[in-house]
Amino acid sequence: MNAGLIGVGKYVPSQILTNADLEKRMDTSDEWIRTMTGIEERRIADDSMDTSDMAYNAAVEAIRHAGIKAEEIGLILVATVTPDRPFPSVSTMIQERLGAKNAAAMDISAACAGFMYGVVTAKQFVESGVYDYILVVGVEKLSKITDWEDRNTAVLFGDGAGAAIVGKVSEGRGILSFELGADGSGGKHLYQDKYLHMNGREVFKFAVRQMGESAVNVIEKAGLEKEDVDFLIPHQANIRIMEASRERLGLPVEKMSKTVHKYGNTSAASIPISLVDDLAEGRVKDDDILVMVGFGGGLTWGALCIKWGR
Ligand code: COA
């Protein structure tokens, strides 16, 4: 019996910050940002919308999409590096608001790979029969740790949330394989003290290598070939990194998810937000073979190979 994603949801704030807006605030240009990252605009949450509010909104949609009741959820996992506060966790905050009174709750800190870590953890509990339904949320309000004086990082990130319900799916469908990894020696390249700091060059090199390798590894672990892959959902950090992983799999442009231009890098939220848009716009269909792959601060990485459908 396989676990799979049986419902998904997303929330992005309505306020749009364009490259043109950034040109007015710092020494940058629309041309540079588009060429170097693929980003055109990103969403920014205002003071009334904290991380837990975005997580709650995405979770409500995922629960509705899965057709379950909040009381049926056994565990809530929220992947975030921008919680409302160190504790209580975002997961306990949304447990209360959702009325998920039978759920245990904890947050996961694995930066942009956090949603991959959450889904893989959920899979273990579902397949061992411990919990029927697990809510996994990837959510970030990166705008609150962004140094708006630092053009090297300020242009890259956005706010948002994506959520999924992990539960049992029919024979042959669901999560076929996964890979998780970490390399703490690279922690110095992407970290937060007051603000987020990044060595862009180092992270870029790591990301290109790791995204490609992890994608190939989960395909092999699933007993499949690159040609079997219908759709790739890479972490939406930078179009050039995404393109490198697509080329490594030999996939045409239309077989890769692309939302980085409209949301920027939303860290742990980027893969589930993209998945929601890909489903809504018909790019992902039942029985498609999907590869999802993320990387982030830590350094961390994670990938999944999924046969889509319930
Ligand atoms: N606007 C205009 N110029 C900018 C700029 C901006 N927003 N940010 C940096 N620059 C300038 C730099 O100051 C530098 O100028 P200099 O040559 O006069 O010193 C020049 O552009 C090149 O900077 P560099 O940082 O070396 O560029 P790069 O080729 O590494 O590209 C990134 C920068 C951020 C696009 C790239 O490193 C990257 O995408 N890294 C991965 C980031 C990522 O994915 N992080 C999230 C991980 S989850």
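**Burial, helix packing and backbone**

Me: Is C305 buried or exposed?
Reply: C305 counts as buried, at 0% relative accessibility (buried is under 20% relative accessible area, exposed over 50% and partly exposed in between, with a 1.4 Å probe and protein chains only). The model is predicted, so local features need pLDDT of at least 70 and side-chain atom pairs count only at pLDDT 80 or more, while totals for chains, interfaces and linings use all residues. Residues are numbered from 1 along each chain as its sequence is written, and side-chain values use heavy atoms, leaving out hydrogens and water.

Me: What about C112, buried or exposed?
Reply: C112 is buried too, its relative accessible area being 11%.

Me: How many disulfides does a search of the whole structure find?
Reply: The search finds zero disulfides (pairs of cysteine sulfur atoms within 2.5 Å).

Me: New topic: at what angle do helix 3 and helix 4 pack?
Reply: Helix 3 (residues 51-66) packs against helix 4 (residues 90-98) at about 55°, and their axes are 9 Å apart. That angle makes helix 3 oblique to helix 4 (under 35 degrees is roughly parallel, over 145 roughly antiparallel, 65 to 115 roughly perpendicular, the rest oblique). Axes are lines fitted to C-alpha atoms over the stretch in contact, with angles from 0 to 180 degrees between N-to-C directions. Helices are DSSP runs of H or I with at least four residues, and strands are runs of E with at least two, numbered from the N terminus.

Me: Which residues make the contact?
Reply: Helix 3 supplies T51, S52, D53, A55, Y56, A59, V60 and I63, and helix 4 supplies V90, M93, I94, R97 and L98; contact means heavy atoms within 4.5 Å.

Me: Is S52 buried or exposed?
Reply: S52 is buried, at 6% relative accessibility. Apart from neighbours within four places in sequence, S52 is in contact with D84, V90, M93, I94 and R97.

Me: And where is D46?
Reply: D46 is in the loop between strand 3 (41-43) and helix 3. With a relative accessible area of 41%, D46 is partly exposed. Residues up to four places away in sequence aside, D46 touches Q15 and K141.

Me: Which residues does a cis peptide bond join, with omega about 0°?
Reply: The cis bond joins F87 and P88, and P88 is in the loop between strand 4 (73-79) and helix 4. Another cis bond runs from G298 to L299, with omega near -5°.

Me: What is phi of S267 near?
Reply: Phi of S267 is near 55°, a positive value in a residue other than glycine. S267 is buried, at 3% relative accessibility.
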